[in-house]
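These are my notebook entries on a structure that I looked up. I recorded contacts and pairings, entry by entry.

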Amino acid sequence: MPEPTSDRTRVHRHPERGDHDLTIVHRILDEALTCTVAWVDPQGGPRALPTIQARIDDTLYLHGSRAARAWKAVAAGAEVCVVATLIDALVLARTSPHHSMNYRSAVVYGRARTVADPSELVSAARAITRHVLPGREEDAAEPRDKDWLETLILAMPIAEASAKVRTGPPVDDEADLALDVWAGTLPLQTVVGEPTPAPDLRAGIAVPEYLKGYRRP
Amino acid sequence: MTTEAPTPRTRVRRLPELGVYERERVHAIIDEALYCHLSWVGDDGDPRVIPTIHARIGDTLYVHGSNASTTLRGIKGGVPIAIAITLVDGIRFARSMFEHSMNYRTVVVYGRTEEVTDADELATVFDAITDHVAPGRSADARRPTPGELRQTTFVKVALDECSAKVSEGFPEEPDDDLALDVWAGILPLRVVPGEAQDDPLLRADTPRPSYVTDWRRPGT
């Protein structure tokens with residue numbers, strides 16, 4: 001198993017759940033629909049913002065409004081920390097201290113650069129659209145030049161990163177196995193409802209195939 | 001009902017019409033979310049974030065972890081933290097990439113941590129965190145022994161400085177995009193349980209409780 005790329009990506013608690021294999025980090029970043037971006041404000045306090053991410057190879061793309069103060073700080077080169085989390089199951093043990101979750105989480109540290117190159121802007125916009133729904137990037141109209149006046153795209157390397165993964169049944173102490181309490185796991189999944197067309201949708205436009213049977217990669 | 005942001009940093013500046021400051025609505029989002037993203041400033045001055053489970057009692061939010069956890073050692077001593085909570089209700093498909101969005105409910109909480117040391121409060125919080133995940137579970141599972149309690153650190157933060165941002169409805173697009181030959185609308189998303197899996201070591205004839213078979217998030 002690869003070694004952590006820095007001390008802060010080392011998984012200290014339950015090190016057996018830690019993984020520094022970047023392909024696992026990539027998979028979690030791809031499957032999670034959203035992430036949280038944290039940075040430190042000029043007053044020294046922590047700030048956190050939920051957003052959507054997208055990945056192209058070893059680069060993580062984030063986007064936001066140019067008018068937002070949050071993104072101004074990140075664009076100015078503030079150190080950021082990004083976390084994405086997937087909950088796979090509730091883990092119910094016989095004893096409350098041994099309750100847990102089966103989860104997969106990824107943390108990426110680094111600094112972001114502001115994307116300015118027009119072709120990279122388009123690839124990033126397509127990647128973000130594709131992240132939400134593969135196939136949609138072929139269908140939806142690409143951003144116009146004026147859209148980039150409002151939207152900022154940021155890129156950060158996925159280099160200093162780690163994953164933490166728990167799987168399997170609950171782990172109770174031997175002495176508690178005789179307790180008359182149900183124990184096991186309850187898998188969770190995100191499912192889609194029926195696509196609801198916009199009230200102003202032009203007549204005769206069918207629900208696209210990529211919307212049917214939607215699931216995360 | 002409070003409709004004002006408690007502080008400048010909790011005021012929703014971007015799309016201010018999406019800002020929600022009423023306590024009951026903010027609390028409902030906190031309660032429905034299974035976990036949160038907790039951030040703080042590391043000793044090196046850089047940001048840190050971890051996913052963790054939270055529970056709310058009244059106007060107080062609690063998080064917990066092992067005494068051995070570097071995170072808990074880092075945050076228990078009255079440090080500033082930021083907590084982000086996200087619920088995604090649907091994907092909003094616009095005709096242009098630019099106008100794509102999500103229907104979401106998010107909460108951000110700012111505050112200063114305080115370690116929980118009172119024995120009664122610790123016991124109550126342990127139950128609250130267990131019940132946050134599966135309401136009713138705390139009455140069933142064996143409660144922590146005093147020794148187990150001593151291995152766990154609980155930290156609380158007052159829900160004084162928090163706000164929500166709620167985005168719902170259909171895409172709003174400029175008129176010239178409405179003519180595009182592209183489907184637009186909402187794809188609703190929700191989290192549902194699958195079939196419960198018994199622990200391989202489960203004693204025979206232990207029934208699955210109803211809070212497992214009928215599990216759902218509060219408010220859904």
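**Aromatic pairs.** I looked up ring pairs among Phe, Tyr and Trp (its six-membered ring), with centres within 6.5 Å; planes under 30 degrees apart count as stacked, over 60 as edge-to-face and the rest as tilted. By this rule I find 2 aromatic pairs over all chains. B:Phe126 belongs to helix H3 (residues 119-133) of chain B and B:Phe154 to strand S9 (residues 152-158) of chain B, so the pair ties together parts 28 residues apart in sequence. Helices (H or I, at least four residues) and strands (E, at least two) are DSSP runs, numbered from the N terminus.

**Basis of the values.** I note that this is a predicted model, in which local features need pLDDT of at least 70 and side-chain atom pairs count only at pLDDT 80 or more, while totals for chains, interfaces and linings use all residues. Residues are numbered from 1 along each chain as its sequence is written, chains are lettered from A and ligands numbered from 1 in the order in which they are written, and side-chain values use heavy atoms, with hydrogens and water left out.

**Sheet in chain B.** I then traced an open sheet of 4 strands in chain B, in the order S4-S5-S9-S8, with antiparallel pairing. Strand S4 (54-57) and strand S8 (114-115) of chain B stand at the edges with a single partner strand each, so one side of each has no neighbour in the sheet. Two strands count as paired if DSSP finds at least two bridges between them. Strand S5 (residues 60-66) of chain B and S9(B) are joined in the antiparallel sense by 7 bridges. In S9(B), B:Ala158 stands opposite B:Thr60.

**Salt bridges.** I counted a side-chain nitrogen of Lys or Arg within 4 Å of a carboxyl oxygen of Asp or Glu. This gives 28 salt bridges over all chains. In one of them, A:Arg104 and A:Glu31 have their closest N and O atoms 3.0 Å apart. The pair links distant parts of the chain, 73 residues apart: A:Arg104 is in strand S6 (residues 100-111) of chain A and A:Glu31 in helix H1 (residues 22-31) of chain A.

**Around A:Glu31.** Which residues does A:Glu31 contact, leaving aside its neighbours within four places in sequence? I list A:Leu86, A:Arg104, A:Arg216 and A:Pro217, contact meaning heavy atoms within 4.5 Å. The C-alpha atoms of A:Glu31 and A:Ala84 are separated by 9.1 Å, the two residues being 53 apart along the chain.

**Chain B against chain A.** The contact takes 86 residues from chain B and 90 residues from chain A. The area buried between them is about 7,600 Å², with 65% given by carbon and sulfur atoms; buried area is the accessible area (1.4 Å probe) that two parts lose on being put together, summed over both. B:Met97, B:Phe98 and B:Trp183 supply 12% of the area that chain B buries against chain A, more than any other three residues. I also count 5 salt bridges between chain B and chain A. B:Asp176 forms a salt bridge with A:Arg144, with closest N and O atoms 3.9 Å apart. Strand S11 (residues 185-193) of chain B gives the largest share of the side of chain B that touches chain A, 9 residues.
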